[in-house]
Amino acid sequence: MIKIAVMGHGVVGSGVVEVFYKNRESIQQKAGHEMDIAHILDLREFPETPYADKFTKNFDDILNDETVKIVVETMGGVHPAYDYVKACLQNGKSVVTSNKELVATMGAELIHIAKDKNVNFLFEASVGGGIPILRPITQCLAANEITEIDGILNGTTNYILTQMIQNAVSFEDALKTAQQLGYAERDPSADVDGHDACRKICILSALAFGKHVYPKQVYTEGISKITLADVAYLESIHHVIKLIGKTKKLEGGKHVFATVYPAVISSHCQLASVDDVYNAVMVRGDAIGDVVFYGRGAGKLPTASAVVADVIDCAKHLETRKLLCWADGDDDYVADYKTDTVGMYVRMNGNTDAIKADVNGAFSGVKFLSRADAPADEIAFVTPAMPEKAFDEKMQAVGGEIQSKIRVLDL
Ligand code: HSE
């Protein structure tokens, strides 16, 4: 009998317990072992659950229980999750986590400890919720040199953008519903300001290119400045705005780009039709070309589905290690995002004739956009792709007041 402990009984942790007991028989069959949850760690009381006798407030009950071989961490945040996970790994227990902040900031160290102790540290649920993405990158696509990954990596922001654009729901109402549905982080600014997507692109970049990218190295911008005016201009040229996490290997493989920002993409792109809580990750490999993984990126049961699959994998590999690893990062590994090539959508106010003349003088091949009911002093345009630094320099010669500036990606 393999004993499991679950640390954290919030949205994901309670989902893990639910899925485990609902499908216990087939889970045991797939794992090839009898399994049970021995402890659930949480500081809160849950008298109504059928598993009330398994709850503990004391981490040592898990750490010192030698029959516990697999520990699930669904507490979120770095502390105390990091200390608990590290102690479990050092004590010879395999750990499964859904905690992207933990993996994105401390992943390299925890992977090294797991390797030293010959146990597993698995985190499929940390990216894309229920979508299988980390295993496909490390196993099914292992024959490829991966060159780029672009994804819609945050369910909450994708849900909010979809509700605002398609159903005219206010930002606040859409966020409230996302919270009620269990999609949003405890502090929803982690979603709205792009930090959650940033952590996920760090993990994807590390797995795809073999070196840790730290969240502070990733240029990150959220969705709070998106307006319906921008949406309308871009609709007129069959483009949409999505929060995109991107990582790309540069010539020679010594550096990468890693960014998170709202981006304008063509409605023909596969990511353009990914709506609501759904996430999608597009992986570009030198042998396979583009492959897209799609599914529910947040929520109790989809995320629990990925966690429990990792638990089964740990149970099947108690004596062997799954090869999931990357090296520590370094300060100059991530290249300056301003050197990446992007187009730019710009909306400005001022004397539109004068702005148009300036824009035409500064850039060649600009496309001017229109929308219904635009104010007389408003103008919007899209530039051709160029290094962002060059765009900034050229814009110095353009008068008027910039209201919006959104990068255009050719995916
Ligand atoms: N808050 C996250 C999201 C949860 O909305 O995608 C899943 O990581």
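**Notebook: strands, helix contacts and local features**

I began with strand β1 (residues 2-7), which runs parallel to strand β4 (residues 68-73) and is joined to it by 5 bridges. I noted that the model is predicted: local features need pLDDT of at least 70, side-chain atom pairs count only at pLDDT 80 or more, and totals for chains, interfaces and linings use all residues. Residues are numbered from 1 along each chain as its sequence is written, and side-chain values use heavy atoms, with hydrogens and water left out.

**Entry on the sheet**

I took helices (H or I, at least four residues) and strands (E, at least two) as DSSP runs, numbered from the N terminus. Two strands pair if DSSP finds at least two bridges between them. I looked up the partner of K3 and found V68 of β4 as its bridge partner. I then followed the whole sheet: 6 strands form an open sheet with parallel pairing, in the order β3-β2-β1-β4-β5-β6. Its edge strands are β3 (55-56) and β6 (121-122), each of which pairs on one side only.

**Entry on helices α1 and α12**

I recorded that helix α1 (residues 11-22) and α12 pack at an angle of about 65°, with their axes 8 Å apart. That angle makes α1 roughly perpendicular to α12. For these values, axes are lines fitted to C-alpha atoms, for helices over the stretch in contact, and angles run from 0 to 180 degrees between N-to-C directions. Angles under 35 degrees count as roughly parallel, over 145 as roughly antiparallel, 65 to 115 as roughly perpendicular and the rest as oblique. I listed the contact (heavy atoms within 4.5 Å): V11, V12, S14, G15, V16, E18 and V19 of α1 meet K300, L301, T303, A304, V307 and V308 of α12. By class, this contact of α1 with α12 has 8 nonpolar, 3 polar and 2 charged residues. Here Ala, Val, Leu, Ile, Met, Phe, Trp, Tyr, Cys and Pro count as nonpolar, Asp, Glu, Lys and Arg as charged, and the others, Gly among them, as polar.

**Entry on helices α2 and α12**

I next looked up helix α2 (residues 24-31), which packs with helix α12 (residues 300-316) at an angle of about 40°, their axes 8 Å apart. This makes α2 oblique to α12. I27, K30 and A31 of α2 make the contact with V308, I312, A315 and K316 of α12. I counted 5 nonpolar, no polar and 2 charged residues in the contact of α2 with α12.

**Entry on a salt bridge**

I found that the side chains of K54 and D36 meet in a salt bridge at 3.8 Å, N to O. The pair links distant parts of the chain, 18 residues apart: K54 is in the loop between β2 (35-41) and β3, and D36 is in strand β2. The structure holds 27 salt bridges, each a side-chain nitrogen of Lys or Arg within 4 Å of a carboxyl oxygen of Asp or Glu.

**Entry on the backbone**

I noted a cis peptide bond from H79 to P80, with omega near 5°. P80 has its place in the loop between β4 and α4 (81-90). D276 has a positive phi of about 55° although it is not a glycine, and D276 lies in the loop between β10 (256-266) and β11 (278-285).
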